[in-house]
Amino acid sequence: MSLPKLFQNPFRRWLSNTGAGSVRPSVLVKQLHERDRRRMMKHFLSLEKSDRLLRFGSALPDELVAQYVQKMNFSRDMIFGVYSSSFKLVGVGHLAFAPKEQAPSRQVVTTKEQVAEFGVSVSKSMRGMGVGSKLFQRAAIHCRNNDVDTLYMHCLSSNKTMMHIAKKAGMEIQRDYGEADAYLKVLPPNPSSMLQEAVQEQFAMFDYTFKANARAAYKLFERLPGRKKAAPPQ
(Lines give C-alpha, C1' and ligand atoms only; values in the text may rest on other atoms or scores of the structure.)
Protein backbone atom coordinates (compact mmCIF):
# COMPACT_ATOMS: atom_id res chain seq x y z
CA MET A 1 0.00 0.00 0.00
CA SER A 2 1.46 3.37 -0.97
CA LEU A 3 1.91 6.15 1.55
CA PRO A 4 -0.84 8.45 0.17
CA LYS A 5 -3.44 5.65 0.37
CA LEU A 6 -2.20 4.63 3.79
CA PHE A 7 -2.96 8.06 5.22
CA GLN A 8 -6.11 8.82 3.22
CA ASN A 9 -9.17 9.44 5.37
CA PRO A 10 -11.46 6.37 4.92
CA PHE A 11 -14.46 8.29 6.28
CA ARG A 12 -14.22 10.83 3.47
CA ARG A 13 -13.97 8.00 0.91
CA TRP A 14 -17.05 6.35 2.42
CA LEU A 15 -19.00 9.61 2.24
CA SER A 16 -18.08 10.03 -1.43
CA ASN A 17 -19.06 6.45 -2.30
CA THR A 18 -22.41 6.66 -0.53
CA GLY A 19 -23.30 10.15 -1.73
CA ALA A 20 -23.34 11.39 1.85
CA GLY A 21 -20.60 13.87 1.02
CA SER A 22 -23.27 16.25 -0.25
CA VAL A 23 -24.59 16.74 3.29
CA ARG A 24 -21.21 16.76 5.04
CA PRO A 25 -19.94 20.27 5.88
CA SER A 26 -17.07 21.25 3.59
CA VAL A 27 -15.33 22.93 6.55
CA LEU A 28 -15.37 20.90 9.76
CA VAL A 29 -15.55 23.00 12.93
CA LYS A 30 -14.65 21.34 16.21
CA GLN A 31 -14.88 22.51 19.80
CA LEU A 32 -11.38 23.04 21.19
CA HIS A 33 -10.16 21.98 24.61
CA GLU A 34 -7.13 22.33 26.86
CA ARG A 35 -5.18 19.79 24.79
CA ASP A 36 -5.44 22.14 21.79
CA ARG A 37 -3.86 25.13 23.56
CA ARG A 38 -0.36 24.46 22.20
CA ARG A 39 -1.60 24.44 18.60
CA MET A 40 -3.68 27.54 19.30
CA MET A 41 -0.50 29.26 20.46
CA LYS A 42 1.22 28.32 17.18
CA HIS A 43 -1.76 29.58 15.18
CA PHE A 44 -1.90 33.00 16.84
CA LEU A 45 1.87 33.52 16.85
CA SER A 46 1.97 32.75 13.13
CA LEU A 47 -0.41 35.64 12.39
CA GLU A 48 1.30 38.57 10.68
CA LYS A 49 1.26 42.04 12.22
CA SER A 50 -1.58 43.20 9.96
CA ASP A 51 -3.63 40.11 10.86
CA ARG A 52 -3.08 40.68 14.57
CA LEU A 53 -4.28 44.26 14.13
CA LEU A 54 -7.52 43.05 12.57
CA ARG A 55 -8.03 40.27 15.14
CA PHE A 56 -7.19 42.16 18.35
CA GLY A 57 -7.63 45.80 17.35
CA SER A 58 -3.87 46.38 17.73
CA ALA A 59 -0.71 44.68 16.49
CA LEU A 60 0.02 42.77 19.70
CA PRO A 61 3.61 41.61 20.31
CA ASP A 62 4.29 37.90 20.80
CA GLU A 63 4.27 38.09 24.61
CA LEU A 64 0.79 39.62 24.73
CA VAL A 65 -0.52 37.12 22.20
CA ALA A 66 0.88 34.34 24.39
CA GLN A 67 -0.82 35.82 27.45
CA TYR A 68 -4.13 35.94 25.57
CA VAL A 69 -3.89 32.24 24.69
CA GLN A 70 -2.81 31.24 28.21
CA LYS A 71 -5.76 33.09 29.76
CA MET A 72 -8.38 31.44 27.56
CA ASN A 73 -10.96 29.88 29.88
CA PHE A 74 -12.30 26.66 28.37
CA SER A 75 -14.78 26.14 31.20
CA ARG A 76 -16.40 29.58 30.74
CA ASP A 77 -16.09 30.32 27.02
CA MET A 78 -16.41 28.23 23.89
CA ILE A 79 -13.48 28.02 21.50
CA PHE A 80 -13.89 26.45 18.07
CA GLY A 81 -11.26 25.46 15.55
CA VAL A 82 -10.65 24.15 12.06
CA TYR A 83 -7.81 21.71 11.43
CA SER A 84 -6.13 21.30 8.05
CA SER A 85 -5.44 17.93 6.44
CA SER A 86 -1.91 18.08 7.89
CA PHE A 87 -3.33 18.55 11.41
CA LYS A 88 -2.53 22.25 11.69
CA LEU A 89 -4.96 24.62 13.35
CA VAL A 90 -5.86 27.08 10.59
CA GLY A 91 -8.87 28.85 12.10
CA VAL A 92 -9.94 29.77 15.63
CA GLY A 93 -13.22 31.26 16.80
CA HIS A 94 -13.51 32.51 20.39
CA LEU A 95 -17.04 32.81 21.78
CA ALA A 96 -16.84 34.72 25.06
CA PHE A 97 -19.81 35.09 27.41
CA ALA A 98 -20.54 38.03 29.68
CA PRO A 99 -23.46 39.31 31.81
CA LYS A 100 -26.01 41.25 29.77
CA GLU A 101 -25.06 44.44 31.67
CA GLN A 102 -21.71 44.31 29.86
CA ALA A 103 -23.26 44.27 26.39
CA PRO A 104 -21.31 46.54 23.99
CA SER A 105 -24.51 48.19 22.76
CA ARG A 106 -27.25 49.41 25.07
CA GLN A 107 -29.61 49.64 22.10
CA VAL A 108 -30.03 45.87 22.05
CA VAL A 109 -32.49 44.57 24.63
CA THR A 110 -32.34 41.03 25.92
CA THR A 111 -34.11 39.20 28.74
CA LYS A 112 -31.41 36.55 28.89
CA GLU A 113 -28.75 36.50 31.59
CA GLN A 114 -25.82 36.53 29.18
CA VAL A 115 -24.69 37.92 25.87
CA ALA A 116 -21.86 36.55 23.73
CA GLU A 117 -19.03 38.15 21.77
CA PHE A 118 -17.25 36.42 18.90
CA GLY A 119 -13.72 36.89 17.55
CA VAL A 120 -12.14 34.94 14.71
CA SER A 121 -8.78 34.46 13.03
CA VAL A 122 -7.90 32.44 9.94
CA SER A 123 -4.45 31.47 8.66
CA LYS A 124 -3.35 33.16 5.45
CA SER A 125 -3.26 29.84 3.60
CA MET A 126 -6.98 29.27 4.22
CA ARG A 127 -8.38 32.69 3.33
CA GLY A 128 -11.36 32.77 1.01
CA MET A 129 -12.41 29.20 1.77
CA GLY A 130 -15.30 30.01 4.10
CA VAL A 131 -13.47 29.08 7.31
CA GLY A 132 -14.39 32.31 9.13
CA SER A 133 -18.05 32.04 8.15
CA LYS A 134 -18.26 28.41 9.27
CA LEU A 135 -16.70 29.29 12.63
CA PHE A 136 -19.25 32.07 13.07
CA GLN A 137 -22.15 29.80 12.13
CA ARG A 138 -20.99 27.25 14.70
CA ALA A 139 -20.80 29.96 17.36
CA ALA A 140 -24.27 31.24 16.46
CA ILE A 141 -25.92 27.82 16.68
CA HIS A 142 -24.21 27.20 20.02
CA CYS A 143 -25.68 30.46 21.33
CA ARG A 144 -29.07 29.46 19.98
CA ASN A 145 -28.96 26.11 21.77
CA ASN A 146 -27.71 27.56 25.07
CA ASP A 147 -30.21 30.30 25.93
CA VAL A 148 -28.18 33.21 24.53
CA ASP A 149 -30.11 35.34 22.06
CA THR A 150 -27.64 38.17 21.38
CA LEU A 151 -24.30 37.66 19.61
CA TYR A 152 -21.80 40.50 19.09
CA MET A 153 -18.71 41.05 16.98
CA HIS A 154 -16.45 44.04 17.64
CA CYS A 155 -13.81 44.95 15.07
CA LEU A 156 -12.19 47.70 13.05
CA SER A 157 -14.41 49.06 10.28
CA SER A 158 -11.54 48.31 7.90
CA ASN A 159 -11.74 44.59 8.70
CA LYS A 160 -13.32 43.49 5.44
CA THR A 161 -13.45 39.82 6.43
CA MET A 162 -15.41 40.48 9.61
CA MET A 163 -17.67 42.95 7.83
CA HIS A 164 -18.37 40.32 5.17
CA ILE A 165 -19.20 37.71 7.81
CA ALA A 166 -21.47 40.19 9.60
CA LYS A 167 -23.36 41.22 6.46
CA LYS A 168 -23.68 37.61 5.28
CA ALA A 169 -25.20 36.68 8.64
CA GLY A 170 -27.65 39.58 8.53
CA MET A 171 -26.12 41.31 11.55
CA GLU A 172 -26.97 44.89 12.46
CA ILE A 173 -23.78 46.96 12.16
CA GLN A 174 -23.04 50.16 14.12
CA ARG A 175 -19.93 52.13 13.12
CA ASP A 176 -18.20 54.68 15.32
CA TYR A 177 -14.75 56.31 15.02
CA GLY A 178 -13.17 53.63 12.85
CA GLU A 179 -14.61 50.73 14.84
CA ALA A 180 -17.75 48.68 14.38
CA ASP A 181 -20.11 46.68 16.57
CA ALA A 182 -22.23 44.08 14.81
CA TYR A 183 -24.93 42.16 16.61
CA LEU A 184 -27.30 39.35 15.77
CA LYS A 185 -30.53 38.36 17.50
CA VAL A 186 -30.42 34.57 17.61
CA LEU A 187 -33.55 32.48 17.18
CA PRO A 188 -34.78 30.18 19.99
CA PRO A 189 -33.57 26.58 19.84
CA ASN A 190 -35.58 23.73 18.35
CA PRO A 191 -34.94 19.98 17.85
CA SER A 192 -33.44 20.64 14.43
CA SER A 193 -30.87 23.15 15.72
CA MET A 194 -29.90 20.84 18.58
CA LEU A 195 -29.41 17.92 16.18
CA GLN A 196 -27.47 20.10 13.73
CA GLU A 197 -24.91 21.13 16.34
CA ALA A 198 -24.50 17.56 17.62
CA VAL A 199 -24.01 16.14 14.12
CA GLN A 200 -21.50 18.83 13.19
CA GLU A 201 -19.43 18.09 16.28
CA GLN A 202 -19.50 14.34 15.58
CA PHE A 203 -18.29 14.84 12.01
CA ALA A 204 -15.53 17.16 13.21
CA MET A 205 -14.51 14.88 16.09
CA PHE A 206 -14.12 11.86 13.80
CA ASP A 207 -12.08 13.91 11.33
CA TYR A 208 -9.92 15.32 14.14
CA THR A 209 -9.25 11.85 15.57
CA PHE A 210 -8.24 10.47 12.19
CA LYS A 211 -5.92 13.40 11.47
CA ALA A 212 -4.27 13.11 14.89
CA ASN A 213 -3.73 9.36 14.49
CA ALA A 214 -2.52 9.74 10.91
CA ARG A 215 -0.02 12.36 11.99
CA ALA A 216 1.30 10.11 14.77
CA ALA A 217 1.46 7.12 12.42
CA TYR A 218 3.32 9.15 9.81
CA LYS A 219 5.97 10.20 12.34
CA LEU A 220 6.41 6.56 13.40
CA PHE A 221 6.51 5.45 9.75
CA GLU A 222 9.30 7.92 9.00
CA ARG A 223 11.42 6.52 11.83
CA LEU A 224 11.49 3.02 10.33
CA PRO A 225 14.96 1.94 9.18
CA GLY A 226 15.65 2.51 5.50
CA ARG A 227 12.71 4.86 4.96
CA LYS A 228 13.19 7.85 2.66
CA LYS A 229 11.56 11.10 3.65
CA ALA A 230 8.09 11.52 2.20
CA ALA A 231 5.54 14.29 2.27
CA PRO A 232 3.29 14.41 5.37
CA PRO A 233 -0.24 12.95 5.04
CA GLN A 234 -2.62 15.21 3.14
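Mentor: The protein chain holds eight helices and seven strands. The model is a predicted one. Of its 234 residues, 45% count as buried. Among contacts between residues at least 6 apart in sequence, 64% join residues at least 24 apart.

The part to look at is built from H3, H4 and H5, and H5 can be taken with each partner in turn. Two packed helices are described by the angle between their axes and the distance between the axes. Helix H3 covers residues 37-45, and helix H5 covers residues 62-70. H3 and H5 pack with their axes 10 Å apart, at an angle of about 150°. An angle over 145 degrees counts as roughly antiparallel, and H3 and H5 are therefore roughly antiparallel to each other. Their crossing is right-handed. On the H3 side the contact is made by Arg37, Met40, Met41, Phe44 and Leu45, and on the H5 side by Asp62, Val65, Ala66, Tyr68, Val69 and Gln70. By class, the residues of this contact of H3 with H5 divide into eight nonpolar, one polar and two charged.

Now the other partner of H5. Helix H4 spans residues 49-56, and its axis comes within 12 Å of the axis of H5, with a crossing of roughly 45°. H4 and H5 are therefore oblique to each other. H4 passes H5 in a left-handed crossing, whereas the crossing of H3 and H5 is right-handed. From H4, the residues Arg52, Arg55 and Phe56 meet Asp62, Val65 and Tyr68 of H5. The residues of the contact of H4 with H5 divide into three nonpolar, no polar and three charged. Asp62, Val65 and Tyr68 of H5 are named in the contact with H4, and they are also named in the contact with H3.

A pair of aromatic rings is described by the distance of the centres and the angle of the planes. The count for the model comes to eight aromatic pairs. One of them joins Phe44 and Phe56, a tilted pair with 6.0 Å centre to centre and 45° between the planes. This pair links distant parts of the chain, since Phe44 sits in helix H3 and Phe56 in helix H4, twelve residues apart. Ring pairs link Phe44, Phe56 and Tyr68 into a cluster. Phe44 has 0% relative accessibility and so counts as buried. Phe44 also belongs to the H3 side of the contact with H5, and Phe56 to the H4 side of the other contact.

Glu34 lies in it, between strand E1 (30-31) and H3. Glu34 counts as partly exposed because its relative accessibility is 49%.

Away from the helices, a few loop residues deserve a note. Phe87 is in the loop between strand E2 (78-83) and strand E3 (89-99). Its phi is near 65°, a positive value in a residue other than glycine. With 6% relative accessibility, Phe87 counts as buried. Tyr177 also has a positive phi, about 55°, although it is not a glycine. Tyr177 is placed in the loop between strand E6 (172-176) and strand E7 (179-185). In contrast to Phe87, which is buried, Tyr177 is exposed, with a relative accessible area of 79%.

Asn190 lies in the loop between E7 and helix H8 (191-222). Its relative accessible area is 31%, so Asn190 is partly exposed. A separation of 7.8 Å lies between the C-alpha atoms of Asn190 and Asn145, which are 45 residues apart along the chain.

Definitions and conventions. Residues numbered from 1 in each chain as written. Predicted model: local features only at pLDDT ≥ 70, side-chain atom pairs only at ≥ 80, totals over all residues. Heavy atoms only, no water. Axes fitted to C-alpha atoms, helices over the stretch in contact; angles between N-to-C directions. Helix = DSSP H or I, 4+ residues; strand = E, 2+ residues; numbered from the N terminus. Parallel < 35°, antiparallel > 145°, perpendicular 65-115°, else oblique. Left-handed = near helix turned anticlockwise from the far one by under 90°. Contact = heavy atoms within 4.5 Å. Nonpolar A, V, L, I, M, F, W, Y, C, P; charged D, E, K, R; others polar. Phe/Tyr/Trp six-rings, centres within 6.5 Å; stacked < 30°, edge-to-face > 60°. Buried < 20%, exposed > 50% of the residue type's maximum accessible area, 1.4 Å probe, protein only.
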